[in-house]
Amino acid sequence: MTTYDDLLIEADNNNLITKEKPLRGNKGRIKGNRIAIKKDLTETEKKCVLAEELGHHYTAVGDILDQSTVENRKQEMRGRIVAYNKLVGLCGIIDAYLHHCQSLSESAEYLGVTEEFLNDSLTYYRNKYGVYTTLDNYAIIFEPSIAVLELV
């Protein structure tokens, strides 16, 4: 599982300077080679925010703060998708099942993400894959609620 420290090292390896600051409007922000993370978040929240800011570093061009344009909203989503795949992914959903997680909160704790982040990632995967998808010998069912089935 990726930790907050792992992400700080990844940022450093990409010549990004990460600082925790008393931000007001955002939980995180990237500008140029500087990432600001809201200081008073939990470590789990910081991890989710930093993963998304790294996603923006890899995928966004220019200032995307103005979310009234379609292009900026697309770039915002691309950054989030990178974070979802890095911290949850289809493999993470299966791992949570294999570790007998019975609820969203148990799965989020197991994966080391917030419930909101996990819920947002599940919404993204449901929108991408539809009712279900398969990976290896597992079916991940997204509707009517999340379930994982082992295929025989």
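A residue counts as exposed when its relative accessible area is over 50%, and as buried when that value is under 20%. The model described here is predicted. By this cut-off Asp136, at 67% relative accessibility, is exposed. Asp136 lies in the loop between β4 (residues 132–135) and β5, and its phi is near 55 degrees, a positive value in a residue other than glycine. Asn15 also has a positive phi without being glycine, with a value near 60 degrees. Asn15 is located in the loop that links α1 to β1 (residues 17–21), and with a relative accessibility of 61% Asn15 is classed as exposed. A positive phi, near 65 degrees, is found in His100 as well, which follows α4. In the loop between β5 and β6 (residues 147–150) lies Pro144. The peptide bond joining Glu143 and Pro144 is cis, with omega at about 5 degrees.

When neighbours within four places in sequence are left aside, the contacts of Val88 are Ala83, Ile93, Leu111, Val113, Phe117, Leu118, Ser121 and Tyr125.

Two packed helices are described by the angle between their axes and the distance between the axes. For helix α4 (residues 89–98) and helix α6 (residues 115–129), the angle is about 115 degrees and the axes are 11 Å apart. The crossing of α4 past α6 is left-handed. On the α4 side the contact is made by Gly89, Leu90 and Ile93, which meet Leu122, Tyr125 and Tyr129 of α6. Sorted by class, the residues in this contact are 5 nonpolar and 1 polar, with no charged residues. The buried residues of α4 are Gly89, Leu90, Gly92, Ile93, Ile94 and Ala96. Gly89, Leu90 and Ile93 are therefore buried, each having a relative accessible area under 20%.

Leu54 belongs to helix α2. Its relative accessibility is 0%, so Leu54 counts as buried. Not counting residues up to four places away in sequence, Leu54 touches Leu7, Glu10, Ala11, Leu16 and Ile35. The C-alpha atom of Leu54 is separated by 8.3 Å from that of Ile30, a residue 24 places away along the chain.

A disulfide is a covalent bond between the sulfur atoms of two cysteines. The structure holds 0 disulfides. For Cys48, which takes part in none, the nearest cysteine sulfur belongs to Cys101, at 15 Å. Cys48 is buried, with a relative accessible area of 6%. Cys101 is likewise in no disulfide, and its nearest cysteine sulfur is that of Cys91, 15 Å away. Cys101 is buried because its relative accessible area, 17%, is under 20%.

How values were computed. Residues numbered from 1 in each chain as written. Predicted model: local features only at pLDDT ≥ 70, side-chain atom pairs only at ≥ 80, totals over all residues. Heavy atoms only, no water. Disulfide = S-S within 2.5 Å. Buried < 20%, exposed > 50% of the residue type's maximum accessible area, 1.4 Å probe, protein only. Axes fitted to C-alpha atoms, helices over the stretch in contact; angles between N-to-C directions. Helix = DSSP H or I, 4+ residues; strand = E, 2+ residues; numbered from the N terminus. Left-handed = near helix turned anticlockwise from the far one by under 90°. Contact = heavy atoms within 4.5 Å. Nonpolar A, V, L, I, M, F, W, Y, C, P; charged D, E, K, R; others polar.
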